[in-house]
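Please have the sequence and the structure open as I speak.

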Amino acid sequence: MSAFASPSVEIETPEAGSAPRGLFAWVATVDHKRIGILYLLTALVFFIVGGVEALLMRIQLARPNNTFLSPGAFNQIFTMHGTTMIFLVVMPTLFGLANYLVPLMIGARDMAFPRLNAMSYWLLPFGGLLLHFSLLAGGAPAVGWFSYAPLSETQYASTHGVDYWVLALLILGVGSVATSINLIATILTLRAPGLTIRRLPLFVWMIFVNSFLVILAIPALNAAIVMLFIDRNLSTYFFSPTHGGSALLWQHFFWAFGHPEVYIMALPAFGIISEVVPVFARRPIFGYEFVAASTVAIALLSFGVWAHHMFAVGMGHPIDLFFAASSMLIAVPTGVKVFAWSATMWGGSIRLTTAMLFAVAFLIQFTIGGLSGVTFAVVPIDWQVTDTYYLVAHFHYVLFGGTFFAVFAGLYYWFPKMTGRMLSERLGKLNFWMALIGFNTAFFVQHFLGLMGMTRRIYTYPDLPGWGLLNLISTIGAFLLGAAVLVLLWNIVVSLRHGQPAGDNPWQAWTLEWAATSPPPAQNFDRVPPIRSRRPLWDLAHPERPDPEVGGPTSRDEFALEKNRVSMVTFLISEGAFFVMLILAYLYYNNHTMDGPTPASTLNAKKTGVFTLCLLASSLTIWLAERKLEARKPAAFRWLLALTILLGAVFILGQGQEYLHVFHAGVMVNSNLFATTFFTLTGFHGLHVCVGLVALLIVMGLSLAGDFKQGRIEAAKSIGLYWHFVDAVWLVVFSVIYLRLLL
Amino acid sequence: MQANFSPIFDPASSQAAAISGLFMVVLLICAIILAIVVGMVGVGLIRFRQRPGSAEPPSYFGNRKLEIIWTAGPTLIIICLFVLTARGMRQSDPPANQEPDLIVISHQWWWEARYPQTGVATANEIHVPAGSKWLVRLQSADVIHDFWVPRLARKMDVVPGNTNYIWLEARVPGQYAGACAEYCGAQHAWMRFSVIADSPETYAAWLREQQNPAALPATDSARQGLKIFQTMTCANCHSIRGVSVAGSAAPDLTHLAVRRYLGAGVLSNTETNLFRWLKNPQASKPGCLMPDLKLTDAQASAVASYLETLQ
């Protein structure tokens, strides 16, 4: 057995020295552990808000023809409940756990970008407050959490609620994407020696795959909500059928985000279960490779199933059948996981701690939710049960009975690590049984309500046989579930003060976070155990029967990725996804003739072609500039950088001139859908060029101040990569909009 | 009156029956899979409960053969489900180019029904002859709604800017409850409707009556009500054939008196309820597009008595 190795990369700990104290320390922190806890606490606050919203709705629905809530209030509440639970509770909880655990599990000192991490966190309370500000500014949005057009257009949603919803989601989305970029960069570049990708704990692997889902799905949402915002505030018609827009395009764009989103909410939960079940069954996960591979399969397939949310829309049977096939297919890798977790228990030595109880309940409840999901993939069945309480039951089973129960399991499992104290098992068991009975009572009967014909999103219902009784039962279950949450909160409060001290590894678990103290020190580890398998602490504790070595001896190459490059590439993938959506919108609306201005009548392709050449030339100049920087010739670098900035500025001025010309011809953003899509696509590209110019100017300033010495030029090269991306996007945009005019 | 707790499993058309049958097969398959998982977990929990003083069990990392089986097995099941799905969809195949028998136009928050062959227009209560398979064209006047009569047909969204078609068939006479199934704003909850399948003779009689213009008021109160209808802006939104033509901003009232409900299901159609509605529609259906016209009790009473003559 070799000696302990220390982590290979030095990370500055900004808190060393004049560290802030007390509450301000929490506000100013860049420590991933504190940021993780901040995420969890904020999510908890919004969980209570969303939970109260749910209970208010359940009171209103407990009896037929009830008048506890007005229809306006009910409709705002169900919209806010969904939006809050998804964007302000589940996602932050999962990001918070990832934030806390990933660096620890890979033997790192912190995330790759601690300050970006802090910014990502602060966008959460800001976005959440902005969303809720709508209540004071004319009313919360009342169009449902997926905001279908044209109901969400100004004509039918005349308050500013939808506008606050859009702005809040944009802000929250920036935080989510930034966190995911950070996680990808961290996992790829900061693993301890010996921790190859094949030896990653499954929680880390699932967070890694999940992060790619986030960076591709959130931009799709951003594109959709930006277009809705432009419709609402600039009187355009992206999604208004009255002037050529398409209500269905909103649905396609939204669900292109919305479906991956539900997997974003599921994969980290799968990660938690994959850690908890093996430890409390005292067995390694059954079939690690299949579980890891199935995660990738789910991620890939999740982009190919979105229109199963639209089976009732009338897309035609061939399209319905395609999405039926893909939706059924995605059940297979999920099933692989459920079988693997179950088989892990088989032959083990199972300790039914509270964490394990929640994990076992997850297995059954998630299976129920997953199976009801499969019934939806059978298109004719969907045609009867979609948009009913059967659907409400389905998604609460997977999201609450599934994801949230997994979170509870994770909480009981990792609370000792985070706080140094055990949660009370006595209160935990009470919490569990109340939650189990409350949850299933509240939601199982909703399957029957749906089958009985009760549609969703109705503020009341007629006194039909059985409807009142089942709704009342559901309400009672919901309150029991609420009480269970109160027990959990009490457990947390009591255990923080009087909980049994935990020690480093109270569960005799096997992943690296348990090698640190509880709670870990600011730098996490002074030394990291040797890593040859997926369970380094098992190998240490059982030298007589360690796990077989996974993969061969490790090489340096595997750890040679550089974090600036990784994060920029990841960011560009996400921006690319955003532009793909805008380009698709342009192509969709411009593939047929329409009244009003056209490309031929409005644009000057030759002039724009000249400016395009300038932009392309600027890619060459910045490439040359980087070579000069590598060759330690800062003055030449600065000249070429200046030339790049100049060429970029010429391009922007050319664009500006084209816009002026177009305005003078009387063409505004709302003239027709060509004008709308033209300004949106070129406008966002222009915005990216301007941001790039600012970045280049900052690089110029840093270089003048003497930075980028001794080959530490990765940051500058990353900006260069961004600049090439902006040029590449322009090539596509130019081809789509202008090339036809030149040929 | 529902014979069965679930209209989805109480089909009254061949389309709904095909879906119901398929659903039962799929639920059975799901139940078996759930039983397997519950069995694995349940038995595992009991058999492999930690015994006090026991050592760590042997490490077992997986069984490739088993993993392949539980990947391939579900894949085969899914292929079967897909075949069943494709077959089940055939019952609702879209029609070849054909004129619709019924045009349904959805509004916030009521259903307009037009019978193109006879020019009949009504609202929220759709009569069809039992045993006929009709082609229904679905159009929206505003936002996305959804036409859903679970005992008779699949759900179909009604999308502004698009036209959708479904088959509507009721094998036996009866009343079939329907509801809007896509959230469409403030009063989505009360956008209910019914499809009433009549025997051919009853249907023919109903159609004949519907084609007649509005009955003339016979009492003073009714005459007063008609006058109020014509002078207090009601006629701007509501059509009454023979009296006023108003487009379709609001339901056609020509034969209001024979309908079973008011306000798309929120009130049953009695003279008391009609009075209540007229006095203040916003109290019965807050947010609906009919304003409170601030009628006095006498005015509302007169209009109600007029409308009740519109058989």
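This is a predicted model: local features need pLDDT of at least 70, side-chain atom pairs count only at pLDDT 80 or more; totals for chains, interfaces and linings use all residues.

Let me begin with the side chain of B:Lys155, where a polar atom lies 2.5 Å from the backbone oxygen of A:Gln384, and where the backbone oxygen of A:Thr386 lies 2.7 Å from a polar atom of that side chain. Side-chain values use heavy atoms, with hydrogens and water left out, residues are numbered from 1 along each chain as its sequence is written, and chains are lettered from A and ligands numbered from 1 in the order in which they are written.

B:Lys155 sits in the loop between strand S6 (145–148) and strand S7 (156–158) of chain B, strands being DSSP runs of E, at least two residues, and helices runs of H or I, at least four, numbered from the N terminus. Which side chain of opposite charge is nearest to B:Lys155? That is B:Asp146, 5.7 Å away, and B:Lys155 is buried yet has no salt bridge; buried means under 20% relative accessible area, exposed over 50%, and partly exposed in between, with a 1.4 Å probe and protein chains only, while a salt bridge needs a side-chain nitrogen of Lys or Arg within 4 Å of a carboxyl oxygen of Asp or Glu.

Turning to helices, A:Leu216 is in helix H6 (residues 202–234) of chain A and is partly exposed, at a relative accessible area of 31%. In helix H8 (residues 297–307) of chain B, the buried residues include B:Ala300, B:Val303 and B:Tyr306.

Conventions
Lys and Arg count as positive and Asp and Glu as negative; His and the chain ends are not counted. A polar contact is a pair of N or O atoms within 3.5 Å; within protein, one must be able to donate a hydrogen and the other to accept it, and residues adjacent in sequence count only if both atoms are side-chain atoms.
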